[in-house]
Every structure is written in C-alpha cells, then in structure tokens.
Amino acid sequence: MRREPDFFGEDEELDLVYIAKRLLDAQRLEEKLTAAGVEYLVEPDEYRGGFLFQTVRTGAFFYVRGAEGDALRQQLAGWGFKPQPLGEN
C-alpha cells in the first residue's frame, strides 16, 4: 500500500529497494506491492543514466522499512524486477 512520507516515523530507517526508470515499470511495481500488502513510499528523484554519455534523469524511487528490504528484494527478483543492491541509496 502506497504511503505518504509522514506515515513513516522520522527516526524510522527506509531502504531503497528499486528505482523505476520508466513509468510503466513504476505502475506495474505499484500494482504488485499493493496486491501483496506491502507498505511503501515512492518519490521522484534523480539518477545518472547512460553508458558513454551520462545524463541526469528522473525516476521513481521505491522505499520500504529497513527490516523489510532484504525479503522484498527477493520478491522483486521473482517478479522480474532488478532490485537496488543493499547499501546503494
């Protein structure tokens, strides 16, 4: 279930589990997370993309509570998504 930033406590650590680079990927992941009952935060942010000519692009950054990150990464991979590696926030 998609939550607003104030839903998570100020001292609660959030784990970046996925960066959607395309709108369709973000929408598909939101459907999966909502159906699975996962509480998550999604925010737009910038990332660097491209191999030879790197540019700054905007994507949808998906966060969950820190304790849920590892298990969700496995589930994301099972759904066909490439999760954000642990510690690369």
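**View 1. Lining of the largest pocket, by residue class.** In this predicted model, the lining of the largest pocket has five charged residues, four nonpolar ones and one polar one. The lining comprises 10 residues. Nearest the pocket centre lie Ile19, Lys21, Lys82, Pro83 and Gln84. The pocket volume is about 210 Å³. Rolling a probe the size of a water molecule over the atoms shows where empty space is left.

**View 2. Asp15 and its polar contact with Arg73.** Asp15 sits in strand β1, which covers residues 14-20. Its relative accessibility is 7%, so Asp15 counts as buried, the cut-off being under 20%. The side chain of Asp15 forms a polar contact with the side chain of Arg73.

**View 3. Order of the elements along the chain.** The chain holds three strands and two helices. Read from the N terminus, the order is β-α-β-β-α. Helix α1 spans residues 23-35. Strand β2 spans residues 41-49.

View 4. The C-alpha trace spans about 40 × 30 × 20 Å along its principal axes. The radius of gyration is 13 Å. A compact globule of 89 residues would have a value near 12 Å, so the chain agrees with that expectation. Of the 89 residues, 35% count as buried.

**View 5. Confidence along the chain.** Mean pLDDT for the chain is 92. A pLDDT of 70 or more is reached by 97% of the residues. Confidence is highest in helix α1, at 97. Strand β2 is where confidence is lowest, at a mean of 93.

Terms used: Residues numbered from 1 in each chain as written. Predicted model: local features only at pLDDT ≥ 70, side-chain atom pairs only at ≥ 80, totals over all residues. Heavy atoms only, no water. pLDDT = per-residue confidence, 0-100. Helix = DSSP H or I, 4+ residues; strand = E, 2+ residues; numbered from the N terminus. 1 Å grid on protein atoms, 1.4 Å probe; cavity = no way out; pocket = protein on both sides within 12 Å on 5 of 7 lines; lining within 4 Å. Points joined across faces, edges and corners; volume = space filled by probe spheres on them. Nonpolar A, V, L, I, M, F, W, Y, C, P; charged D, E, K, R; others polar. Buried < 20%, exposed > 50% of the residue type's maximum accessible area, 1.4 Å probe, protein only. Polar contact = N/O pair within 3.5 Å; in protein donor to acceptor, adjacent residues only side chain to side chain. Rg over C-alpha atoms; globule rule 2.2 N^0.38 Å.
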